Structure formats: C-alpha cells, structure tokens
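Let's take a friendly walk through this model together. Have the coordinates open as you read.

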Amino acid sequence: MPQLTFIYCPHCATALIEKEIHDVRRLFCPECQYVHYPQPKLVALVVIEYEEKLLLLKRNIEPARGLWNFCGGYIELGETVQEAVIREAKEEANIDIQLDKLIGIYGGEEGSNVVAAFHAQLPGNQISHLAIQAEEVSEFAFFAWEELPPLAFPVHYQILRDWKAIKL
Ligand SMILES: [Zn+2]
C-alpha cells in the first residue's frame, strides 16, 4: 500500500484527517469534504529503432543515474499518452517520431508508476537532428540487440522481451 502523502487539504489547506470510506482508510478534509484517492502516475515511453538498433538515453538523474533508458516521461494534464511520448522524444533527443505500435502497459504494483510502452521506427531524416536537449540525459547512443547496456529499470527488459515477441 503506497503512503498517504498529504498533510493539508490541497483545496482549502485544512489539516486532513483519516476516515474510513467504503471500507478503506482515506485522507479526508473535514472542512470541504475532499477525499484523497492515491493513484499511480502514468509514464509513457517509446522504444525507438533505427536499422535494427535501439536508441537509448543515459540517465543523468537519480534514480538509476548512469543507466540507460528510453525516451519518455510523465503525461501532462491535457495531452494524450501518444502526444506525451512524442513530446518527450522531441524534448529529450530533438527528434520527430511517429508511433507505430503499443507494446504494452506495465507496472502499478506496490505503488509503482504505470508505464505505457510504444514502438517507433526512427525516420532516416531525423538522424542528423539527434541532440540531447534535456538536463536529465547525459548522452544517447544506438545499441544492437546483442550488446545492450544496463537498463535503468527491470520493466525495460520486460518491454524489450515483449517487443521482440510482437516483432517476430
Ligand atoms: Zn479542504
């Protein structure tokens, strides 16, 4: 069970109390009746391939600093999951991509993020555009499937296994 994190009501700043609502203990505001429902965050990422190699970015932030991951990030309010991942690819690597497949939806257990993983083929005309934009990334590189570097999170390995299975 993830931690209940708020101390004060995010709407009216009254101290929240714990209250049982439909058999679950929730944080509740006695002033405005706000109920805090903890929910997982949604992350979208994209496995980008170019000539059978994977584009990976090296993380420059904790957790997993120095390990490699895919373009991606949190969904902003008001954008679709697909728009978010296209935006992240632009922000992190300066490339315009089109998504071709949803690989799968992962995570959620023990309070982890929910991850939506897509696949995209990098158009050849984007290669010269590739550049690190975001502070969270220190470098990018293409890797052959047989020589992948250490990936940042276990779910990344699962996503690649699933993509291989879809691809075949
Ligand atoms: Zn309140």
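Lysine 58 touches Gly66, Leu67, Trp68, Glu136, Val137, Ser138 and Glu139, leaving aside residues up to four places away in sequence. Keep in mind while exploring that this is a predicted model. Lysine 58 sits in strand β5, which covers residues 53-59. Its relative accessibility is 23%, so lysine 58 counts as partly exposed. One of its contacts is also a charge partner: the side chains of lysine 58 and glutamate 139 meet in a salt bridge, at 3.5 Å from N to O. That pair links distant parts of the chain, since glutamate 139 belongs to strand β10 (residues 137-144), 81 residues apart from lysine 58. Glutamate 139 is itself partly exposed, at 34% relative accessibility.

**The chain as a whole**

Stepping back, the protein chain contains two helices and ten strands. Read along the sequence, these elements follow the pattern β-β-β-β-β-β-β-α-β-β-β-α. Along the principal axes, the C-alpha atoms fill a box of roughly 60 × 30 × 30 Å. The chain has 168 residues, of which 38% count as buried. Among contacts with a separation of 6 or more, 56% come from residues 24 or more positions apart.

**The zinc site**

Which residues hold the zinc ion? The ion is coordinated by the SG atoms of Cys9, Cys12, Cys29 and Cys32, at 2.3 Å. The angles among the four donor atoms run from 100 to 120°, and the site is tetrahedral. In sequence, the donor residues are spaced C-x2-C-x16-C-x2-C. Cysteine 12 lies in the segment before β1 (17-21) and cysteine 29 in the loop between β2 (24-28) and β3 (35-36), so this pair ties together parts that are 17 residues apart in sequence. Buried or exposed: how does cysteine 29 come out? Cysteine 29 is buried, with a relative accessible area of 0%. Cysteine 12, by comparison, is partly exposed at 32%.

**The sheet around β1 to β3**

The strands β1, β2 and β3 form an open sheet in that order, with antiparallel pairing. Its edge strands are β1 and β3, each of which pairs on one side only. Between β1 and β2 the antiparallel pairing extends over five bridges. Within this pairing, lysine 19 stands opposite arginine 26 in β2, while glutamate 18 has leucine 27 in β2 as its bridge partner. The two strands form a hairpin with two residues between them, and histidine 22 in the turn has a positive phi of about 45°. There is a side-chain link here to inspect as well: arginine 25 forms a salt bridge with glutamate 20. Both of its members are partly exposed, arginine 25 at 44% relative accessibility and glutamate 20 at 48%.

**Salt bridges**

How many salt bridges does the structure hold? There are nine. Three of them are set out below.

| Arginine 25 | Glutamate 20 | 3.8 Å |

Lysine 167 counts as partly exposed, at 35% relative accessibility. Elsewhere, Glu79, Arg87, Glu88 and Glu91 are linked in a network of salt bridges.

**A buried charge without a partner**

Finally, have a look at glutamate 92, found in helix α1 (residues 81-93). Glutamate 92 is buried yet has no salt bridge. How far away is the nearest side chain of opposite charge? That side chain is arginine 59, at 7.3 Å, and a salt bridge needs its nitrogen and oxygen within 4 Å. Leaving out residues up to four places away in sequence, glutamate 92 touches Leu57, Phe70, Cys71, Gly72, Ala131, Ile132, Gln133, Ala134, Glu136 and Val137.

Definitions and conventions. Residues are numbered from 1 along each chain as its sequence is written. This is a predicted model: local features need pLDDT of at least 70, side-chain atom pairs count only at pLDDT 80 or more; totals for chains, interfaces and linings use all residues. Side-chain values use heavy atoms; hydrogens and water are left out. Donors are N, O and S atoms within 2.8 Å of the metal (3.2 Å for Na, K and Ca); water is not among the atoms, so sites may look incomplete. Four donors count as tetrahedral if all angles lie between 85 and 135 degrees; four count as square planar and six as octahedral if opposite donors are over 155 degrees apart and all others between 65 and 115; anything else is irregular. Helices (H or I, at least four residues) and strands (E, at least two) are DSSP runs, numbered from the N terminus. Buried means under 20% relative accessible area, exposed over 50%, partly exposed in between (1.4 Å probe, protein chains only). Lys and Arg count as positive and Asp and Glu as negative; His and the chain ends are not counted. Contact means heavy atoms within 4.5 Å. Two strands pair if DSSP finds at least two bridges between them.
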